[in-house]
Amino acid sequence: MDYSHVAILLLLLSLGAAVALATHRSTDPSLSTAAAGPPENWLGPAGAYVSDALLLAFGLGSIFFLPVIAIAGFRMMRLLPAGRVKRSL
């Protein structure tokens with residue numbers, strides 16, 4: 001089975017979440033903020049909602065999930081088993 005599509009999806013997911021978290025503004029309209037006006041997040045409303053949800057659920061620790069997702073994507077592209085998360089880090 002070809003996992004290259006899943007690998008690319010994981011890499012794009014981790015990159016998109018990183019951009020969304022890096023450009024997070026607390027004044028953007030999102031799940032926990034009833035702000036008016038356009039969001040300042042680089043990914044628009046979707047980025048504002050994703051970054052807010054990640055920060056609400058995991059706090060700043062959500063940053064540490066992103067390399068794990070990216071490593072899993074790289075390993076899938078190289079056709080290696082995903083392996084254990086501790087060994088990947």
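**Reading the labels on this model**

Me: Where does M77 sit, and what makes that stretch a helix?
Reply: M77 sits in helix 3. Helices here are DSSP runs (H or I, at least four residues; strands are E, at least two), numbered from the N terminus. By that count the protein has 4 helices and 0 strands, and it reads α-α-α-α along the sequence. Keep in mind that this is a predicted model, where local features need pLDDT of at least 70, side-chain atom pairs count only at pLDDT 80 or more, and totals for chains, interfaces and linings use all residues. Residues are numbered from 1 along each chain as its sequence is written, and side-chain values use heavy atoms, with hydrogens and water left out.

Me: Why is M77 called partly exposed?
Reply: Buried means under 20% relative accessible area, exposed means over 50%, and partly exposed is in between (1.4 Å probe, protein chains only). M77 comes in at 45%, so it's partly exposed.

Me: And why does M76 get the label partly exposed?
Reply: Its relative accessible area is 22%, which falls between 20% and 50%, so partly exposed it is. M76 is also in helix 3, residues 65-77.

Me: What makes S14 buried?
Reply: S14 has 7%, which is under 20%, so it's buried. S14 belongs to helix 1, residues 4-22. Across the protein, buried residues make up 24% of the 89 residues.

Me: Which residues does S14 touch, leaving aside neighbours within four places in sequence, and what counts as touching?
Reply: S14 is in contact (heavy atoms within 4.5 Å) with L66, I69 and A70. For M76, with neighbours within four places likewise set aside, the contacts are Y3, V6, A7 and L10.

Me: How do you know the S14 side chain makes a polar contact?
Reply: The S14 side chain reaches the backbone oxygen of L11 at 2.9 Å. A polar contact is a pair of N or O atoms within 3.5 Å; within protein, one must be able to donate a hydrogen and the other to accept it, and residues adjacent in sequence count only if both atoms are side-chain atoms.

Me: Which residues make the nonpolar surface patch?
Reply: I8, L12, L15, F74 and M77 make it, with about 510 Å². Helix 1 and helix 3 each give two or more residues, and the largest share, 3 residues, comes from helix 1.

Definitions and conventions:
Patches are made of residues with over 30% relative accessible area and no salt bridge: like charges are joined within 9 Å, nonpolar side chains (Val, Leu, Ile, Met, Phe, Trp, Tyr) within 5 Å. Accessible areas come from the Shrake-Rupley method with a 1.4 Å probe; for residues, only the protein chains shown count as cover. A salt bridge is a side-chain nitrogen of Lys or Arg within 4 Å of a carboxyl oxygen of Asp or Glu.
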